[in-house]
Amino acid sequence: MRIRSIEEINKKIKKGDATVLTAEEVSLLVREGNSPKAEDVDVVTTGTCGIMSGTAAILHVPVADPGAFKKAKNIFLNGVPGFPGPCPNEWLGSVDLIIYGTAHSIYDSGYGGGFLFKDIVGGNEIEVEVESTEGEIFKSTTSIKDIGTAQMIGTRLAFKNYNSFTNPSEEVVSSIFHAIDMEGPFKGLSVSGCGQLNPLQNDPVMRSICSGSKILLNGSEGIVIGRGTRSSNEKPNLMLTADMKDMDPHYLGGFKTGAGPEVFDSVAAAIPILDQSTLEQTFILNKDIVLPVTDIRGRHKVLGSTNYGEVWEGSDERPVYHPENCLNCETCIVRERCPTGAYTNILNTQRCFGCGMCAYSCPNNAFTMESGSVRFDVDDKSIGMPIICRQSDIKRAREVTAELKRKIENGNFILNSCFE
């Protein structure tokens, strides 16, 4: 039975009277034995942050004076290859292009599309190199203020449910699902997903978060285009878009993996509470969300299962750096492995992703972090192992969820409806 309409909620938002809770705040009430009522909650905000490989950018980049070249054959931004077109822009001296978040620089194996997107959004100067169809080379620099169009497209983001990965074999395996080559057997677990905070975990049938819904993508107000690629009823995900010029560089970036650099994004979505059943969908708890444990050599090889309570309950958002324990090793394994480049000679907490690789890797205990551990059954054997890599960032997820809550409370984010 419907309690209110979208229009009624929006009137309360515009007046500053809306009651907004984050999904974690709802879960906390439920865990404490309370049962929130729909008449007492207007909106629930949700969010996630993690590696989202299906990220691309559509850009219009100035290169040279009009007439300098006819068309671009190849283009590189900070060494990251893009795809010129589809508009040829003949003789205009500028290039339309699509560039993937998973693309790798031809000059730096540790730099890729995700790092480039962060640099663009952060206003940094970008090196542009174009090869024309006539074979001429043009080099220039640009920045976000000069780029005419900078639209991000997420082809499959914010999956409702993810897998975790371990290596049951003796063979070392390189994969995008772990920050470094993964050793085995069963030396540790790499996990993704923000559990009870995740948007589609709170709206699994996409009743409120659907085509046309407004969202925050890396802090920029955007929309849901529809279901993402590979979306299914069992494992739904979203196709999203937003203007990169309005994004916050804190919420996106590159993440180095065992198979090269990837891209991470942050997504927040609002669920208007129109009836009790919609609210009760958000009562989900981490301990009740199953997380399959799969073989890193193939996610179809399910070995067992754990839950997000094991992943996130009692874990630390960020590592603690103990410089007194640092021995200034000639080759610093933490600096080499840090997926976001957060550690040089100090820990940059703004770049840190909370993945846990520093605490796992440093032989001198210069970093400590509670990342959690799991136990599951494989072939009638009980296997216990630590979580050694988190490819989702619960801290940023909480931050973008709270940012959306503030925007709604301040009247700066008006909802739209999937309902007829």
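Helices (H or I, at least four residues) and strands (E, at least two) are DSSP runs, numbered from the N terminus. By that convention, strand β3 covers residues 55–62 and contains I58. The structure is a predicted model, in which local features need pLDDT of at least 70 and side-chain atom pairs count only at pLDDT 80 or more, while totals for chains, interfaces and linings use all residues. Residues are numbered from 1 along each chain as its sequence is written, and side-chain values use heavy atoms, with hydrogens and water left out.

I58 has a relative accessible area of 37% and is partly exposed; buried means under 20%, exposed over 50%, and partly exposed in between (1.4 Å probe, protein chains only). Together with F83, I98 and Y100, I58 forms a nonpolar patch on the surface, with about 350 Å² of accessible area in total. Patches are made of residues with over 30% relative accessible area and no salt bridge, like charges being joined within 9 Å and nonpolar side chains (Val, Leu, Ile, Met, Phe, Trp, Tyr) within 5 Å. The accessible areas come from the Shrake-Rupley method with a 1.4 Å probe, and for residues only the protein chains shown count as cover.

Attention now turns to charged side chains. Side chains of opposite charge can pair when their charged atoms come close. The structure holds 14 salt bridges, each defined as a side-chain nitrogen of Lys or Arg within 4 Å of a carboxyl oxygen of Asp or Glu. One of them joins D275 to R207, with the closest N and O atoms 2.9 Å apart. D275 lies in the loop between β16 (260–272) and α5 (276–280), and R207 in the loop between α4 (199–202) and β12 (214–217), so the pair ties together parts that are 68 residues apart in sequence. D275 is buried at 6% relative accessibility, whereas R207 is partly exposed at 31%.

A further salt bridge pairs R318 with D393, the closest N and O atoms being 2.9 Å apart. This pair also links distant parts of the chain, 75 residues apart: R318 is in the loop between α6 (308–312) and β19 (320–321), and D393 is in the loop between β22 (381–390) and α9 (394–409). R318 counts as buried, at 16% relative accessibility, and D393 is buried at 1%.

Within helix α9, E399 and K395 stand 4 residues apart, about one turn of the helix. Their side chains meet in a salt bridge of 2.6 Å, N to O. E399 is partly exposed at 24% relative accessibility, and K395 is partly exposed at 25%. Elsewhere, salt bridges that share partners join R4, K12 and D42 into one network.
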